[in-house]
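Trainee: I'd like to learn how to read a structure like this one, feature by feature. Where do we start?

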Amino acid sequence: MSKTALLFAGQGAQAVGMGKDLAEKFPPAKAWFDRANAALGCDLAAICFNGPEADLTKTENAQPGIFLVSWVAFQLLKEHAPNLKFDATAGLSLGEFTALTAAGALGFEEGLRVVRQRGKFMQEACDATQGGMAAIIGLDETPTREVCATAGVVLANLNCPGQIVISGEAEKIVKACELAKAKGAKRALPLTVAGAYHSPLMAGAQPKLQAELAKVKVVSPSVPVISNVTAQAHGSAAEISAKLVEQVTAPVRWEESMRALLAQGYTRFIELGPGTALSGFMKRIDKTAQMLNVADVASLEATVKALSS
């Protein structure tokens, strides 16, 4: 029996217009956007649908926006493919909160509010530090680790074979890119981000996030949810909160997480939320895995059709 995992998008997937066609075509989708606006006391839906891009890219808007669009995609998929059974969830960085909410560990409003606050706390940490990130393309993990050690930066995202993201002080990232190219990286590209996510420079956000998580009820998920920190299923409710705090400065072990699911017999993965980055990673991790996605009306219809065939 094949097993299905739901994967939830992370920051960077945001795009002006995300979720708009879903809200226009499906009244239940619009209702979720309205509910989110009420929960946050601001018009997050308008920022998702209309931008401007400068506002959507702000961490405190991008994170809850992606969470919301991913959640709406999940709800519509359940409605239009009622026989769908999923056996695990996972999400990239902020997507881990969506994955936990989809598995019932957090309530929708609570998850949304925590993610909004997480984005705010991370933006504050970015503003207090001079951080940056870069994608290292075509260099294996071991030489990339050597580059990080020499330059004084850290691994932030181990996404898939040939794509690793590094994080740290901006001037050290420039040096790391030069070192990576010298070691044989095909490309070393500084990323347009607010700061050094998943690095010690984000430590200022951790106590604030911990305090925020202490205010919400976290329960054991209904299906395994893979932790970015351990690349294994989350444990108890208390451990979930601790790992979500740790995740702010820890590397995202995405490739390892996907390989763990593949080793457990997962053959079908459905990416929920804007963009198709996670689908792209999976193609480089295991070409044989079935990869579907729901980001808009067309991809929802295509995925529902594929699931019914």
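Mentor: Start with the elements: helices (H or I, at least four residues) and strands (E, at least two) are DSSP runs, numbered from the N terminus. This is a predicted model, where local features need pLDDT of at least 70, side-chain atom pairs count only at pLDDT 80 or more, and totals for chains, interfaces and linings use all residues. Residues are numbered from 1 along each chain as its sequence is written, and side-chain values use heavy atoms, with hydrogens and water left out.

Trainee: Let me try one residue. Where is the place of K283?

Mentor: K283 sits in helix α13, residues 277–285. For accessibility, buried means under 20% relative accessible area, exposed over 50%, and partly exposed in between (1.4 Å probe, protein chains only). K283 comes out at 56%, so K283 is exposed. As for distances, K283 and D127 are 156 residues apart in sequence and 35 Å apart in space, C-alpha to C-alpha.

Trainee: On to charges. How many salt bridges are there?

Mentor: The criterion is a side-chain nitrogen of Lys or Arg within 4 Å of a carboxyl oxygen of Asp or Glu. The count here is 14. One of them pairs R35 with E109, at 2.5 Å from N to O. R35 belongs to helix α2 (residues 27–40) and E109 to helix α7 (residues 108–128), so this pair ties together parts that are 74 residues apart in sequence. R35 is partly exposed at 37%, while E109 is buried at 18%.

Trainee: And which residue forms a salt bridge with E141?

Mentor: R145, with the closest N and O atoms 2.9 Å apart. Both lie in helix α8 (residues 141–151), four residues apart, about one turn of the helix. E141, at 36%, is partly exposed, and R145, at 43%, is partly exposed too. Another salt bridge joins K183 and E146, at 2.9 Å from N to O. That one links distant parts of the chain: K183 is in the loop between α9 (170–182) and β6 (187–190), E146 is in helix α8, and they are 37 residues apart. There's also a network: K120, E124 and K208 are joined by salt bridges that share partners.

Trainee: Last one: pockets. What volume does the largest pocket have?

Mentor: Rolling a probe the size of a water molecule over the atoms shows where empty space is left. On a 1 Å grid over the protein atoms alone, a pocket is an open set of points where a 1.4 Å probe fits, with protein on both sides within 12 Å along at least five of seven lines; lining residues have an atom within 4 Å of a point. Points are joined across faces, edges and corners, and a volume is the space filled by probe spheres set on them. The largest pocket has about 780 Å³. Its lining has 35 residues, with Q11, G12, A13, L191 and V193 nearest the centre.
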